[in-house]
Amino acid sequence: MSRPPVVDLIDVTRSFTGPPEVQALKSINLRVEKQDYLSIVGPSGSGKSTMLNILGLLDRPSVGEYYLDGALTSLAGEAERAALRGGKIGFVFQAFHLMPHRSVLDNVLLATVYSGVPRADRERRARAALHRVHLDHRIDFLPGTLSGGERQRVAVARAVVASPQLLLADEPTGNLDATTSGEVMDLFEELNADGLTLIVITHDKAVADRAGRTISIADGRVSETT
Ligand code: ADP
Ligand code: MG
């Protein structure tokens, strides 16, 4: 049997009741296969964050279906969606959201607790995740002593520590200069080569172009660009 796509959105609409009522997403169809690397670009207000929130099970469609890894999620209740999210989806945001008074290792360890990694595996998994982002030499440091690129790499380690099916990133290089955003993009490419499925929302064309495939979103509708 062939594998289901990681993401399958079928005629997804998301309306916000007004007034005025806003259709932030309009009949979106999107399939993302395992190990795809997709970028989503579009102007402010076009529906990108609404899309990411739905993909990340933080929100759900008003109309339409969302299958994550073959499982219908759009009917799931809040608790079920939280459980699915913890195990299957990692998030990276523009702001790094690290705990300033805890070491790099502790920041990643805490994520293992929330994502249900068995206690006996947590430290090994946290160290392995930090190794994947090339920060072995920074594990005992406090976030404030790291560069912006290093901090974002800690956030990436935290996002992948529970081996998610899908990594979602919303403007991951928005707080970084060109050199350090290059570091983060290199890392995404490595993780993708290792099998991770990635969806990256970005304003930055240089970042979008690193993905295997790009879609544009305008006024809640999607068009494929590459
Ligand atoms: P983007 O991330 O591309 O800037 P958003 O997805 O945040 O766009 O927003 C798309 C549209 O949906 C905008 O018109 C925005 O005002 C509207 N919108 C987003 N979230 C809400 C909400 N919670 N309530 C009402 N309108 C919303
Ligand atoms: Mg947004």
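Two residues are taken to be in contact when their C-beta atoms, placed from the backbone, lie within 7 Å. The structure is a predicted model, in which local features need pLDDT of at least 70, side-chain atom pairs count only at pLDDT 80 or more, and totals for chains, interfaces and linings use all residues. Residues are numbered from 1 along each chain as its sequence is written, while chains are lettered from A and ligands numbered from 1 in the order in which they are written.

Helices (H or I, at least four residues) and strands (E, at least two) are DSSP runs, numbered from the N terminus. Ser-15 is part of strand 1, residues 7-16. Leaving aside residues up to four places away in sequence, Ser-15 touches Glu-21, Val-22, Gln-23 and Ser-62. Ser-62 is 47 residues from Ser-15 in sequence, yet the C-alpha atoms of the two are 6.1 Å apart in space. A residue is called buried if 20 or more other C-beta atoms lie within 10 Å of its own, exposed if 12 or fewer, and partly exposed in between. Ser-15 is partly exposed because 15 C-beta neighbours are found inside 10 Å.

Ser-27 belongs to strand 2, whereas His-97 is in the loop between strand 6 (89-93) and helix 3. Ser-27 has 15 other C-beta atoms within 10 Å and so is partly exposed. His-97, with 13 other C-beta atoms within 10 Å, is also partly exposed.

The shell around ligand 1 consists of residues whose C-beta atom, placed from the backbone, lies within 6 Å of the molecule. The residues in question are Phe-16, Val-22, Ala-24, Gly-42, Ser-44, Gly-45, Ser-46, Gly-47, Lys-48, Ser-49 and Thr-50. Strand 2 (22-32) and helix 1 (48-55) are the elements that give two or more residues to this shell. Helix 1 provides the largest share, three residues. For the classes, Ala, Val, Leu, Ile, Met, Phe, Trp, Tyr, Cys and Pro count as nonpolar, Asp, Glu, Lys and Arg as charged, and the others, Gly among them, as polar. On this basis the shell has three nonpolar, seven polar and one charged residues.

Two packed helices are described by the angle between their axes and the distance between the axes. Axes are lines fitted to C-alpha atoms, for helices over the stretch in contact, and angles run from 0 to 180 degrees between N-to-C directions. Angles under 35 degrees count as roughly parallel, over 145 as roughly antiparallel, 65 to 115 as roughly perpendicular and the rest as oblique. The axes of helix 3 (residues 104-114) and helix 4 (residues 119-132) come within 9 Å and cross at roughly 120°. Helix 3 is therefore oblique to helix 4. In this contact, Val-104, Leu-105, Val-108, Leu-109 and Thr-112 of helix 3 meet Arg-122, Glu-123, Arg-125, Ala-126, Ala-129 and Leu-130 of helix 4. These residues comprise seven nonpolar, one polar and three charged.

For helix 5 (residues 148-160) and helix 6 (residues 178-193), the axes come within 8 Å and cross at roughly 25°. Helix 5 and helix 6 are therefore roughly parallel to each other. Helix 5 contributes Gly-148, Gly-149, Gln-152, Arg-153, Val-156 and Val-160 to the contact, and helix 6 contributes Thr-180, Glu-183, Val-184, Leu-187 and Leu-191. Five of these residues are nonpolar, four polar and two charged.
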